[in-house]
Amino acid sequence: MRLADLSERSQVSIATIKYYLREGLLPPGRRVNATQAEYDESHLRRLRLVRAMVQVGRIPVATVREVLAQVDDDSLGPTIRLGAALWALPRATEPEQDDPAVITARQEVDRMLTRLGWTLAVEIGPLSPVYRELVASVASLNRLGYPLDADDLAPYARQMEHTAIHDLDRMERFPTAVEQVEAAVASAVLFEPVLLSLRRLAQEQEATRRFGL
């Protein structure tokens, strides 16, 4: 398809597509002459992902470029490729390492991970922005008087384990490694609000069952 067709199908303006091309967020099309290029379904899929990250996720262009570089790095194994792409997404502020609340939170998170047998998470924890974000969140709750220890965290983690199995089952429906990692990134940006809404609906349901209206 030509650039105008790509614009029409994606509902993204030609000017914006050209900007994404210049910024390296969209791979170049197949050159057919000095002024025109052909684009295919992979460009349309990538364009939709970029729009989701920029418009819905409010992710800076430089960060989007970093995430997509990991998505396209076929020198990485599937687990590292997926992890690198997700780790590149924006995260909360790093916790203060010498903060007593952070130290306590890290101890409880590590105890929870060990109990569950998530050995890889224990080994790479300090390297993982996801791990550090969890520690920071638990520390914040501890400071506010709503402490979470390993016993509190473990049941939630078990539920997330089942969610992760379903996530990867869905991801593997896509035929190529690039499409699979793209789907995981899109889910991280777009689907996590769905999970949050489902949790809150479940809380409303359970509150009604326990206490009535």
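Predicted model: local features only at pLDDT ≥ 70, side-chain atom pairs only at ≥ 80, totals over all residues.

**Notes on charges and salt bridges**

I started with Arg210, which counts as exposed because its relative accessibility is 56%.

Next I asked myself: which side chain meets Arg210 in a salt bridge? I found Glu206, with N to O at 2.6 Å. Both residues sit in helix 10, 4 residues apart, which is about one turn of the helix. Glu206 is partly exposed, at 28% relative accessibility.

I then counted salt bridges for the structure and got 13. I reminded myself that side chains of opposite charge can pair when their charged atoms come close.

My next stop was Glu179. Its side chain meets that of Arg45 in a salt bridge, 3.7 Å from N to O. This pair links distant parts of the chain: Glu179 belongs to helix 10 and Arg45 to helix 3 (residues 41–56), 134 residues apart. Buried or exposed, I wondered about Glu179? Glu179 counts as buried, because its relative accessibility of 16% is under the 20% cut-off. Arg45, at 28%, counts as partly exposed.

Glu182 forms a salt bridge with Arg46, and the closest N and O atoms are 2.8 Å apart. Here too the pair links distant parts of the chain, with Glu182 in helix 10 and Arg46 in helix 3, 136 residues apart. Both Glu182 and Arg46 are buried.

How are these residues linked, I asked? I found a network of salt bridges that links Arg45, Arg46, Asp72, Glu179 and Glu182.

I checked the record for the start of the chain. UniProt lists residues 1–70 as "domain: HTH merR-type", in an unreviewed entry. In the model, that span is 61% helix and 6% strand, and its end C-alpha atoms lie 26 Å apart.

Last, I turned to the surface. Which residues gather in a patch of negative charge there? I noted Asp167, Asp169, Glu172 and Glu192. I picked out Glu172, which has its place in the loop between helix 9 (150–171) and helix 10 (177–211). Glu172 is exposed, because its relative accessible area is 56% and the cut-off is over 50%.

Notes:
Residues numbered from 1 in each chain as written. Heavy atoms only, no water. Patch = residues over 30% accessible without salt bridge, like charges linked within 9 Å, V, L, I, M, F, W, Y side chains within 5 Å. Areas by Shrake-Rupley, 256 points an atom, 1.4 Å probe, with all protein chains shown as cover. Salt bridge = Lys/Arg side-chain N within 4 Å of Asp/Glu carboxyl O. Lys, Arg positive; Asp, Glu negative; His and termini not counted. Charge placed at Lys NZ, Arg CZ, Asp CG, Glu CD. Helix = DSSP H or I, 4+ residues; strand = E, 2+ residues; numbered from the N terminus. Buried < 20%, exposed > 50% of the residue type's maximum accessible area, 1.4 Å probe, protein only. UniProt positions renumbered as here; feature names shortened; annotations may be inferred.
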